Amino acid sequence: MKATSLSVLRTLRQYACLIRFYNHHNFLIVVLGALTLGEMASPADLLALYLSFNVGLYGGIYTLNAISDAEDDKCDAAKCHRPIPSGDVSVRGAAIFVAISWFFAFGSVVIWFGSMAKKLAFVYTAFIVINLLYSFVLKRVKYMRFITAATTSPLRLYMGGALAGVVVPWTAMLIAYCFMASVQSTKVRTEKGLQNEICNGWSPMVLEAICMAITAVCFLVHYPGDQLFLAAAGISVVLFLGASNANPKMAKVLVGADISDSAKKLA
């Protein structure tokens, strides 16, 4: 009986790993939109959205990504221990988990958010479409990996603004986009132990420099409006990108990079 209980707990733990809680700091972008653009969403709504969006919707999306990357991850020293490539979770079991996660995500939106349910369901669908295109097509198309991955960041900001009942300025959306493009570039560069080698057609330093230049222009255009947003965004850029580039170990914590021992030596 004890052995059975331990087996069940181990299985549950493997499925929980598919949700990638270590990546959930990206919900801070939603919080940014919900609290810093003039109006503030309620803590109860933010908690409900976190459970519905990050745990439910993105739990399914991360699992879908894991299914599409399973064969590549088996050959990656830093990722081969993940539930699907290691064999702890079957592809069939993972697919069922995706369906359950998305059913919870859309169902909880209808139950909790009422009049906003249609808008949030549309945004959720956009996230799914973007991630399907990214995971199965665009991730392997030259120049498209970072450009596509970054599109989810302004959507997160928009969703936070919608929760607070505010319109998110285009400059704020562009800041969020450029920030995420830089985060994705930093993440991949750190994982692969690259310095400035070409990745998906981009020189990482060039891509990140372009993003930071656009971000600086957006800050100047947006100022002096929404100073709380600008301050929080500025701190995020310095903390996440500055610390991640300065120390590869921080990249694991701040941008969710999986770093193998060989990559650590190269970084």
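How much accessible surface does the protein have, and what percentage of it belongs to carbon and sulfur atoms? The accessible surface comes to about 13,100 Å², and 70% of it belongs to carbon and sulfur atoms; areas were computed by the Shrake-Rupley method with a 1.4 Å probe, and for residues only the protein chains shown count as cover. The model is a predicted one, in which local features need pLDDT of at least 70 and side-chain atom pairs count only at pLDDT 80 or more, while totals for chains, interfaces and linings use all residues. Residues are numbered from 1 along each chain as its sequence is written, and side-chain values use heavy atoms, with hydrogens and water left out.

The protein has twelve helices and zero strands, where helices (H or I, at least four residues) and strands (E, at least two) are DSSP runs numbered from the N terminus. Of the 267 residues, 49% are buried; here buried means under 20% relative accessible area, exposed means over 50%, and partly exposed lies in between (1.4 Å probe, protein chains only). Among contacts with a separation of 6 or more, 73% are between residues 24 or more positions apart, a contact being heavy atoms within 4.5 Å.

The buried residues include Pro-154, Arg-156, Met-159 and Gly-161. Gly-165 follows the helix, with a positive phi near 80 degrees.

Thr-63, in helix 3 (residues 43-74), is also buried, with a relative accessible area of 0%. Leaving aside residues up to four places away in sequence, Thr-63 touches Leu-18, Ile-84, Ala-94, Phe-97 and Val-98.

Phe-136 belongs to helix 5 (residues 117-136) and is partly exposed, at 46% relative accessible area.

Turning to the cysteines, the model has zero disulfides, a disulfide being a pair of cysteine sulfur atoms within 2.5 Å. The closest cysteine sulfur to that of Cys-75 is in Cys-80, 9.2 Å away and too far for a bond. Cys-178 is likewise in no disulfide, with the nearest cysteine sulfur, that of Cys-211, 4.7 Å away. Cys-75 is exposed, at 73% relative accessibility, whereas Cys-178 is buried at 2%.

Some backbone details deserve a look, since most residues other than glycine have a negative phi, and most peptide bonds are trans. The bond from Tyr-223 to Pro-224 is cis, with omega near 10 degrees, and Pro-224 lies in the loop between helix 9 (204-222) and helix 10 (227-246). Asp-226, found in the loop between helix 9 and helix 10, has a positive phi of about 45 degrees and is partly exposed, at 25% relative accessibility. Arg-20, in the loop between helix 1 (2-18) and helix 2 (28-35), has a positive phi near 55 degrees and counts as buried at 11% relative accessibility.
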